[in-house]
Structure formats: C-alpha cells, structure tokens
Amino acid sequence: MEQLASLSATALAGGYRDGAFTPIDVIEALQRQVEAIDRQINAFVTTVFEQAAADAARCARELCSGSDKPLLGIPVAIKDLVDTAGIRTTYGSRIFSGQTPERNARIVDQLIEAGAIIIGKTATHEFAWGFTSDNPHFGPTRNPWAADRIPGGSSGGSAAALAAQLVPLAIGTDTGGSIRLPAAYCGVSGLKPSFGNLSLDGICPLAPSLDHVGPMARTPQDIDLCMTVLRDDYAPIALQTLDGMKIAVPDPAAYAELPTDMADIWHDTIETLTKRGAVIRTFSDPLILDCAEIFTAIMVREAAQTHIDLGLYPSRFADYGADIHARFALAKMISDNELAAAQRDRDALRQSFLRIFNDADLMLTLCSSAPPLTIATDKDLPEKHYAYLRETVLRYTAPQNLTGLPAAAVRIGIDGFGLPVGCQFTAPLGRDALAVAAARLFHEATPGLQKIWPSIF
C-alpha cells in the first residue's frame, strides 16, 4: 500500500474505479509518507490529515454510489498563498502566521466541488516574493533531490511535496516563474496558464499584472486532468506526433555558455522532438532572450504598491524578512521614467511574440540555465542569490509573465549533479492545452527519464 503515494492522480482515479483501493487507503499512505519524510524537506507549513481522513471516508461513500466527479478522492496540496476556509493560511509571513480564513479562494472551491481532498498548505517564499523558498519565518524548504539545495520558488513547497511523493496534485502561483522554476528544479510538471484564465480571487496578490495561479503535478497528464476542472472550456489535446509542428527555439548562440551537461540535455531534447516530426525554427529576438530588467522594474514597483495598498508597508516593515527589505529598497530605486520605459518595452515584447507565433506553433526554452543553489546560511546571501537567479532564471521565465502567455514545464534530463533539468513549452495566448500537450508528448516519449525519482526513496 505504500506504493499508493507514488501514483499519479490519473492512476489513483483509475484504481478507485477498479476498486483496487479507496481514498481512505490513499490518505493513510500519504500521511505516513509525510510523517516519515517531510521533517527532512519542510514542504508543508500546515497539514490537515484528520480533516482529510473524514473527507476520504465521504469520498469512498460517493464512489460506491457511482459519483463521477473528476477529482473524487484525489489528494491536493495548496500553496500557502491561497486562502483555505478553516485552515491556517500564512502567506509565508510572520504578519499572517495566525490567520485562518473564513472562505476559500475560488480555485480551492473548484477543486473541492470536483471531489478533491485538501491535505495541507505548502511552503512559499515570503509573500511569494522570491525564488528560493528559504523562508525566514518557517525555515527553508529543501529540494528532495539534494537536501542542501533550494527547490526553487516561490511555489517550492508544492514542487518539493510532489517530488517527494507526498501528494499527487498541488496548486502554485507564478509571477515571474514561481510554478515553472520549482517544477524544473524538482523534476515535476507545472502550468502557468494564460493570464486571466484562472481566478485569483482569494489569493494574496504580489504584482497583479503578472500574477497567475496554476496546477502542478508529477505528470503533464495530471495537469490536463486538473485543468478540465478549473476551466469548463479546457479540452486536453492528445498529440501522438509532432509531424509538421513548428517549434521556435533560441539561436544556438543564446545558449552557447550553458554548462556542458545542460547543453547536452538541451541538444538531446531538440533531437527527441525532431524525431517525432517537429520542425525547428530558431529566433534571436533580444527582448525575448533577456527581459529580466524590464520584468524587475515592473514587478518590484507593483509589489511594493501592493503591500502599501494592503496596509502592511511601511507600518509592518520590521516583520518582513531581510530579503524582502532588499526588494523594497530596490523598488525605491526605480524611477517613474524607468517604469514607463519598462512598460513600453513590455508592449514591444508582446509584438515580438506575435512575430514568433506567426511562424511557429510553440516556443521551447529552458526554465533555468544553472542547477539550484545551495541554501543560504549567511544573512547577506539571500540578495546575492536573488541577483544570481535574475540572470539564470528570469531571462527564461519572465517573458511569459510579462505577456501572459501559457507555459508548461516538464523534465528533460538529469544533470551531472544528479539533479533534474526542466524546459517549458510556451504557446499563443489561450492555447494552454497545446502547451501541456507538447509537454505530455515529451514526457511520454522519455519513459526511462521520467521514472527516476530522488534517492530519498
């Protein structure tokens, strides 16, 4: 029965239908897994297994009565930025460490209505404003592949919980890569949907013009399953081949300085897609290849204003962690003229993507050009880490937030450190299912790679 913890949401649903096991069995297995492993990882801030057990018993009865809810009995973890009625929701902050919301975020209601069982809240970088998930108030979340390294952020808890087989489905948020980077660092899958496709009601904002919420899972197939619940008009696409599909990739010069092992993985990925019929197009648009400064100007100014509007800054300044202090300082350094210039560049970036998609169906890029950092142990390191991550992550993940385009992350290899490497398929606006379909095809085309999980097991 312990193997139940390793099953995908799709496999669990099939097992329930066949009568092989019940939601009660699954929740019990996951509770044992969390109690045995999460002390090493710190993926969860709060767990609610007593409530989950009661929900599992109810789901078991519904299954016996023939209910066809698509997520009936499927366990889900919710990022601790998302409101959950009756369950502590901290936003990763000291300020809200004792908060228990009275109502659910819209996305939580959708999951529950579809039969999902909430098992807990996953760790986040403070107010989701960072890429490490090294939280000064609740401790660092550790990467299950290497406990001395970050899982990425800000949805690091959700990604770590998936990789450690503590839950089959999770919810994350993404303002500058916060679903896709942890998915890549932890070797799982995630979707940043098209901007506005999923409701942000009941989710603590960071930078409203950049914020997204979306599903995370161990497989793209489970992303499809979850999205059918979250969007009535979402229709999964079953790609058997890529024959004739045009995929835009960066000009080789853009990736010339990749570490050798990562470069080999990237080339192998292109070869895999080509063998399945993809037509590769290259691009060298400088805005798409590096818009980190554009993103930083817009994001930090919006985020600072968000905290002013929430009545938290500057009155609660002392209750923020040191790295968030540095973000506020950075926001003060960005002038109105610089912000206006960044907004103009953002408009130009949208036009750049329109040109790309005039000649391509999808875009493929890395999620990061370097392995996850070791966890900071010195108080001065978090901001140094942030500067490093701007260079190795934001240039890859920020374009999709600035433009609102959907992007699906999937594992494409294991590097020389034994750590997963991920890429992202970006699709035109509103074509979320196409991005996931490409990720799913690659996932299914590389079964040996996708079977590898952390040695913690």
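Two strands are counted as paired here if DSSP finds at least two bridges between them, and the legends below apply this to a predicted model.

**View 1. The hairpin of S12 and S13.** Strand S12 (residues 407-414) and strand S13 (residues 420-426) pair in the antiparallel sense over 7 bridges. The two strands form a hairpin in which 5 residues lie between them, and Gly418, located in the turn, has a positive phi of about 80°. Within this pairing, Ala408 has Phe425 of S13 as its bridge partner.

**View 2. S12 and its pairing with S7.** Strand S7 (residues 189-192) is joined to S12 by 3 bridges, and these two strands run antiparallel. Here Gly190 has Ala409 of S12 as its bridge partner. Strand S12 is mostly covered, with 7 of its 8 residues buried.

**View 3. The chain around these strands.** The chain contains 15 helices and 13 strands. Its radius of gyration is 21 Å, close to the 23 Å that the globule rule gives for 457 residues, so the chain is as compact as a globular protein of that length. The C-alpha trace spans about 60 × 60 × 40 Å along its principal axes, and 62% of the 457 residues count as buried. Of the contacts in the chain with a separation of 6 or more, 77% are accounted for by residues 24 or more positions apart.

**View 4. Surface and charge of the chain.** The chain carries 38 positive and 52 negative charges, whose mean positions are 1 Å apart.

Technical notes
Residues are numbered from 1 along each chain as its sequence is written. This is a predicted model: local features need pLDDT of at least 70, side-chain atom pairs count only at pLDDT 80 or more; totals for chains, interfaces and linings use all residues. Side-chain values use heavy atoms; hydrogens and water are left out. Helices (H or I, at least four residues) and strands (E, at least two) are DSSP runs, numbered from the N terminus. The radius of gyration is taken over C-alpha atoms; the globule rule is 2.2 Å times the number of residues to the power 0.38. Buried means under 20% relative accessible area, exposed over 50%, partly exposed in between (1.4 Å probe, protein chains only). Contact means heavy atoms within 4.5 Å. Lys and Arg count as positive and Asp and Glu as negative; His and the chain ends are not counted. The place of a charge is taken as NZ of Lys, CZ of Arg, CG of Asp or CD of Glu.
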